[in-house]
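Here is a short report on a structure with its chains, helices and strands. Keep the sequence and the 3D view open as you read.

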Amino acid sequence: MDTGFLRVLFNPGRFFEARMQDEPSLKVPALIALVVGLIGAVSAALTANLIVGILPAEAQAFGVLMVGFSVVGGVIGGFLGWIVYGFVFYLVSMVFKGQGDLKRTLEFTGYGFLPQVFGGIIGAVLSYQLLSGLTIPTATAPEEIQAVTENLTSVLVTDPLAQVAGLVSTLFLIWSANIWIFGMKYARNLSTRDAALTVGIPVGLFILYTLITLAGWL
Amino acid sequence: MKPLYLVVITLLCAVAALAGAASAAPADVAVTSSSLDPPVLMKGDTGTLTVVIQNNGAETVAIRSARLYGSGVVPLSDSYASVGEIGAGNSKTFTFTVRADGGEGTFYPQFVLDFRDDGSLRHPVPVQVENTALSASVVGKPDAFAAGRTADITVRVGNPRPNAVSGVQVVPQGTNFTVTPSIAFVGGLAPDGSGTVVFNLTPAVETDVTFQVVWRNGINTHTADLVLPVAFGEDKRQADPVITNVEVTPEPGGYRIVGDVMNAGLESARSVLVTPGAPATPTDPFRVYVVGTLDPDDISSFEVTFKADVGTTEIPLVVEYRDDDGNRYTVTRPVDLGGTTAAPLDEREGEFPVAGIVVVVLVALGIAGAIYYSWRRT
């Protein structure tokens, strides 16, 4: 059963093997990165809107700008994540004598971002639930805004809902990593072991950092 | 001797005897003493004037009447219209009821004794009238009164009159207060004497309390009023709970405030309670913190938990305490939430929500299945 690029979710080996027969194309990966970015932008807008509530009335105009920047930043973040992961995998795979061009690596890295769409949707819902239930006082002085922001960060990090969102995000990252292993195996012509190391080292470090943050050790 | 001579001599002796007896009587009757009860009257008082006469002669004296003519005082009783005889060496007492209708001073009403045969005796009797009343003064009271707070009021009653008074009592009068005792009895007061009574006064509102001093001068009742204005104010010695070292901590479901409460007053604060006031809603586990008794300069920590609506920047901390009489007082101290805190509204109690765990488990199972499936198909 050919279900298009969605096959990458459950049968990434066959999907990438088939993709290797065609010329590299970044259209679909870019579309995936855009969707991930848009979903991230929603979460960013919710957070920015919350912070705008802290600002005094005379600074609300600045708050609108802040929300706008957050949306743009969220979209850019989707693409940025795709590019960064692609370059990191490309560089790490060079250690294992990987062969294959960068465009193919970016293409397959982009496909591996597909689980982040679902993770992003669940994360956005959890973020909305978390942020909509917060009591945010209005601050006037800059030092008060700073204090509220610090306090807000503390609450967001320690809230159980935020921890759930972090765990869900990590799980979907693991799913993406699984896809990337198959992707690097074909894109960089690596053994399964080297592909797993190429993906596992940077992603593992990132997951470790995320878990430590969620546990409040940082 | 001829019988005619004997008759003449006998008649002469009888005439001589009769003539001698009649001429000796008025000069030998005198007023020996007079007294007034009470010794000093006040204007309008009724008193009893007693006059004692004595026959110092050797013969009986016949008295027709005894009267009193007023001067500054009005005789209320009838005159002695028919007195009779007073034997040699005997004394007789006359009593008149008089009323002081004049002003102050010493008056001399005339006591007049009319003899049956001839002549009369007039004797001025001194009657002193002085209107000086008993004096009353508050010699002990608190620095300030407070609604519902019992205060000790000490009243001293003095007698500046020249005579003793009896049945002295002090009666508090007025409304909007309770007092114990309702009547304080002092008793008799000698000249220049004084007596002290203590009242426990509990005012409900600001009012005037009249301490009425009631006494008797003889059979006459008199009063004097002492007005004590009861105005509420701050007692300089009262307990003064002060909240310091306040720390506001947001937590899931609301806020937690910890701090210290200290008694900066000079009296003990009893049954001290610390609670968050509206618009805050107290929540478990520390809806209210019972501190107990705080003696002067004592300090105690407290802890309260509550939740507040969105946009709440300040909530009051309410300190309730009682004085030694059980009167309740409250002190409010605002605590700023703005600029320092933010907290989730819904109560997640800091625990992992069950729905969240379910989501994580389901996602983990789904992803594990996808990964397992992807490796099996390879």
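Which residue in E16(B) is the bridge partner of Val165(B)? In E16(B), Val165(B) has Leu189(B) as its bridge partner.

## How to read this report

This is a predicted model, where local features need pLDDT of at least 70, side-chain atom pairs count only at pLDDT 80 or more, and totals for chains, interfaces and linings use all residues. Residues are numbered from 1 along each chain as its sequence is written, while chains are lettered from A and ligands numbered from 1 in the order in which they are written.

Helices (H or I, at least four residues) and strands (E, at least two) are DSSP runs, numbered from the N terminus. Two strands pair if DSSP finds at least two bridges between them.

## Confidence in chain A

The predictor's confidence in each residue is its pLDDT, from 0 to 100. Chain A averages a pLDDT of 84. In this chain, 86% of the residues score at least 70.

Where is confidence lowest in chain A, and where is it highest? The lowest mean, 64, belongs to strand E1 (residues 134-135) of chain A. The highest, 93, belongs to helix H5 (residues 102-112) of chain A.

## Two helices that cross

Two packed helices are described by the angle between their axes and the distance between the axes. Axes are lines fitted to C-alpha atoms, for helices over the stretch in contact, and angles run from 0 to 180 degrees between N-to-C directions. Take helix H3 (residues 27-52) of chain A and helix H4 (residues 60-95) of chain A. Their axes come within 6 Å and cross at roughly 150 degrees. H3(A) and H4(A) are therefore roughly antiparallel to each other. The cut-offs are under 35 degrees for roughly parallel, over 145 for roughly antiparallel and 65 to 115 for roughly perpendicular, with the rest oblique.

The crossing of H3(A) and H4(A) is right-handed. A crossing is right-handed if the near helix is turned clockwise from the far one by less than a right angle, and left-handed if anticlockwise. The residues of the contact of H3(A) with H4(A) divide into 18 nonpolar, 12 polar and no charged. Here Ala, Val, Leu, Ile, Met, Phe, Trp, Tyr, Cys and Pro count as nonpolar, Asp, Glu, Lys and Arg as charged, and the others, Gly among them, as polar.

## Sheets in chain B

One open sheet of chain B has 4 strands, in the order E1-E3-E7-E5, with antiparallel pairing. Its edge strands are E1 (29-37) and E5 (73-75) of chain B, and each pairs on one side only. Neighbouring strands of this sheet are turned by 35 degrees against each other on average, direction ignored. Inside the sheet, strand E3 (residues 46-55) and strand E7 (residues 91-100) of chain B are antiparallel and share 9 bridges. Gly47(B) has Val98(B) in E7(B) as its bridge partner.

A second open sheet of chain B has 3 strands, ordered E2-E11-E8, and its pairing is mixed. E2 (40-41) and E8 (105-107) of chain B are its edge strands. E8(B) pairs with strand E11 (residues 127-129) of chain B in the antiparallel sense over 3 bridges. Thr106(B) stands opposite Gln128(B) in E11(B).

## Around strand E14 of chain B

Strand E14 (residues 165-173) of chain B runs antiparallel to strand E16 (residues 184-189) of chain B, with 4 bridges between them. E14(B) also runs antiparallel to strand E18 (residues 207-217) of chain B, with 6 bridges. Ser166(B) has Arg216(B) as its bridge partner in E18(B).

The loop between strand E15 (177-180) and E16 of chain B holds Ile183(B). Is Ile183(B) buried or exposed? Ile183(B) is exposed, with 12 other C-beta atoms within 10 Å. The cut-offs count other C-beta atoms within 10 Å of a residue's own: 20 or more is buried, 12 or fewer is exposed, and in between is partly exposed, with C-beta atoms placed from the backbone. Ile183(B) and Val171(B) are 12 residues apart in sequence but 4.8 Å apart in space, C-alpha to C-alpha. Pro181(B) is also in the loop between E15 and E16 of chain B. A cis peptide bond, with omega about -5 degrees, joins Thr180(B) to Pro181(B).

## Two asparagines

Phi of Asn189(A) is near 55 degrees, a positive value in a residue other than glycine. Asn189(A) is partly exposed, with 17 other C-beta atoms within 10 Å. Phi of Asn245(B) is near 55 degrees, again positive in a residue other than glycine. Asn245(B) lies in strand E20 (residues 241-251) of chain B.
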